[in-house]
Amino acid sequence: MTRPNQKIILDFVCYALLLLGAVLMVGPFLWMVSTSFKLPGDQFTKTLIPPTFTFDNFRELFSVDISFPLLFWNSAYISILTTVGQLLTCAMAAFCFAVVKFKGRELLFTLLLLTLLIPPQVTLIPDFIIFKYLHLIGTSVPLWLPAFWGGAFGTFLLRQYFLTIPRDLVDAARVDGASLIQIFWKIYMPLGKPALAALAIFTFQGAWNDLLHPLVYMPSVPNTMLTVGLAFFQQQMSHGGKFTVLMAGALISILPLLIVFFFAQKLFIEGIALSGVKR
Amino acid sequence: MEYGLKPLGREKFWLWALLTPTLIGLLFGALGSVIATLLLSFAKWDLLTPPSWAGIVNYVNLFHDEKLLLSLTNTIKFTALYVPGVVIISLFVAVLMNRKIRGVSLFRTAYFLPAVTSAVATALVWNMIYGRDTGILNFILERFGLQPVCWLCTENAMYAVIIVNIWGAIGEGMIIFLAGLTAIPREYYEAAEMDGANGFNQFFRITLPLVTPSIFFQTLISTINAFQAYDYIYMLTRRGQGDSSVPVVVFSIYRNAWNFFNYGGASAQAIELTVIVAALMAFYFWLERRYVVYE
């Protein structure tokens, strides 16, 4: 067999395998979309195209006794506050670690990286006890407040990026009499945009999709986040046997992230590569 | 390396101001929590009555209480199957995608989709797919003349959950491996081609050794994720009274603390989790020194 022939066969095999994999990866999403447009009576039909097409499941979301608009609003503002807190405090620390020379820098940075090894379950119990004594269980404060004291992952990611910004810029700014804060705010924050955007997406995604923390801090409907609401909704709908409405709720809950993903796909992917390769 | 901006005069104050949130996090969030959880693990406390000293009872229970022991073996079993699954499949997918073929970016989007969306939402549809009498999976199996499987029954639930967890993790693993693969110089393959090495040889002699840093990183991340896996397990296997058909350690911590108000016992489990993860990390770094090839 000649070489070019071999390449064509190999390409074909690759395509076939990738296509099969893609069906397995996307299949559940198609099934979700399809079911959410089916009539409740058709919920278990095994066709991808709904026998009868309906919007009723989405309309019904507004009439169930879980308030989806409230869940949506809670998830949105908690995720946004978390993102703002992380971006700000991680960038502040990352700038110090990447740019400024000070005593104990290496030690502090190493300590920070070590905290990556602490499972969230270890901090969860003492945090819960503290927030309980502050009478904050059932409110959203325990969910977003910890985002305002920095974090190893975000600081590490931003520091790696800040290190790639040319030092000449800092020297030039210094000659012009710029202060530390000005260098941080006018040089590093604008130039760090790609890494900041990547971190923003990760943080938002993590907060939006989080189940464990809202389950501990805002455990009961109606005033909770989308994830807990959906878990509760699942029990309710499974007993009532209305999977179509459940799928409509699931679809609505992933829509914001899907939209962000399609527009900022490059950032998602480059962000992961950034955290994994440049070590 | 030793270059660094020197703070002038009052800028020292601003430097520490910038670092303050992180210092608070380190002191209270990290160090404080670890100490508090350690102390709690030697106590008996339901948060309603005053705490009392429990000695090592909570730790003895870890190995005597059947439920706690089961959660530990479940976590270990889960990790042992999940980590190789994620690493091997995502490496395989990345190798396929690393060829110069059309439509790769479309495939990349498709494979990354589960990594973006919430496990809670996708678990809802997996729950339907796994349905015993009504699910599409059994429908397909029967079409091929196979017996239907009770996917979420106790004897199979572990595997069903591992499949979904791997499905959700392939996207990120694939990106890590693609980044590692594209960093391998083309010339290596061209030289190998000249020497007549076939694709099989090229993979095992060039690709695999040079991608070991990515394998190391992905194994590390997957292990940490495996020990913290919760969302899919909660959504697919939970039963009444905070129980699950696949109770892993994290599930058991939650149940102990927030269903049984046994905060001491839950803390001991959290410490158990930390110690095992730390030991595994140490082992991985030992392996790294011996086997990982850095150019």
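Which pattern does chain A follow when read along the sequence? Chain A follows the pattern α-α-α-α-α-α-α-α-α-α-α-α-α-α, and its count of elements is accordingly 14 helices and zero strands. The model is a predicted one, and it holds a chain A of 279 residues and a chain B of 295 residues, which touch each other through a contact that takes 76 residues from chain A and 75 residues from chain B.

**Confidence in chain A**

- Chain A averages a pLDDT of 89, and 97% of its residues score at least 70.
- Among the elements of chain A, the highest mean pLDDT, 96, belongs to helix H6 (residues 141-144) of chain A, whereas the lowest, 72, belongs to helix H14 (residues 265-277) of chain A.

**Overall form of chain A**

- With its 14 helices and zero strands, chain A has a radius of gyration of 24 Å, well over the 19 Å that the globule rule gives for 279 residues, so chain A is more spread out than a compact globule.
- The C-alpha trace of chain A spans about 75 × 75 × 35 Å along its principal axes, and 44% of the residues of chain A count as buried.
- Of the contacts in chain A with a separation of 6 or more, 74% are accounted for by residues 24 or more positions apart.

**The two domains of chain A**

- The domain assignment divides chain A into domain 1 (3-58) and domain 2 (61-277), and the centres of these two domains, taken over C-alpha atoms, are separated by 32 Å.
- Nine residues of domain 1 of chain A are in contact with nine residues of domain 2 of chain A.
- On the side of domain 1 of chain A that touches domain 2 of chain A, helix H1 (3-36) and helix H2 (56-61) of chain A each supply at least two residues, and H1(A) gives the most, with four residues.
- By class, that side of domain 1 of chain A, the one touching domain 2 of chain A, has four nonpolar residues, four polar residues and one charged residue.

**A buried residue in chain A: Tyr188(A)**

- Tyr188(A) has its place in helix H9 (residues 180-191) of chain A, and it counts as buried because it has 22 C-beta neighbours inside 10 Å, where the cut-off for a buried residue is 20 or more.
- When its neighbours within four places in sequence are left aside, Tyr188(A) is in contact with Phe95(A), Val99(A), Phe162(A), Ile165(A) and Ile183(A).

- Chain B has 13 helices and two strands, and its radius of gyration of 24 Å is well over the 19 Å that the globule rule gives for 295 residues, so chain B is more spread out than a compact globule.
- The C-alpha atoms of chain B fill a box of roughly 75 × 75 × 35 Å, taken along the principal axes, and 40% of the residues of chain B count as buried.
- Among contacts in chain B between residues at least 6 apart in sequence, 68% join residues at least 24 apart.
- Chain B brings 75 residues to the contact with chain A, and helix H1 (residues 11-40) of chain B gives the most to this side, with 18 residues.
- The side of chain B that touches chain A divides by class into 54 nonpolar, 16 polar and five charged residues.

Terms used:
Residues are numbered from 1 along each chain as its sequence is written. Chains are lettered from A and ligands numbered from 1 in the order in which they are written. This is a predicted model: local features need pLDDT of at least 70, side-chain atom pairs count only at pLDDT 80 or more; totals for chains, interfaces and linings use all residues. Two residues are in contact if their C-beta atoms, placed from the backbone, lie within 7 Å. Ala, Val, Leu, Ile, Met, Phe, Trp, Tyr, Cys and Pro count as nonpolar, Asp, Glu, Lys and Arg as charged, and the others, Gly among them, as polar. The radius of gyration is taken over C-alpha atoms; the globule rule is 2.2 Å times the number of residues to the power 0.38. A residue is buried if 20 or more other C-beta atoms lie within 10 Å of its own, exposed if 12 or fewer, and partly exposed in between; C-beta atoms are placed from the backbone. Domain bounds come from an automatic or database domain assignment. pLDDT is the predictor's confidence in each residue, from 0 to 100.
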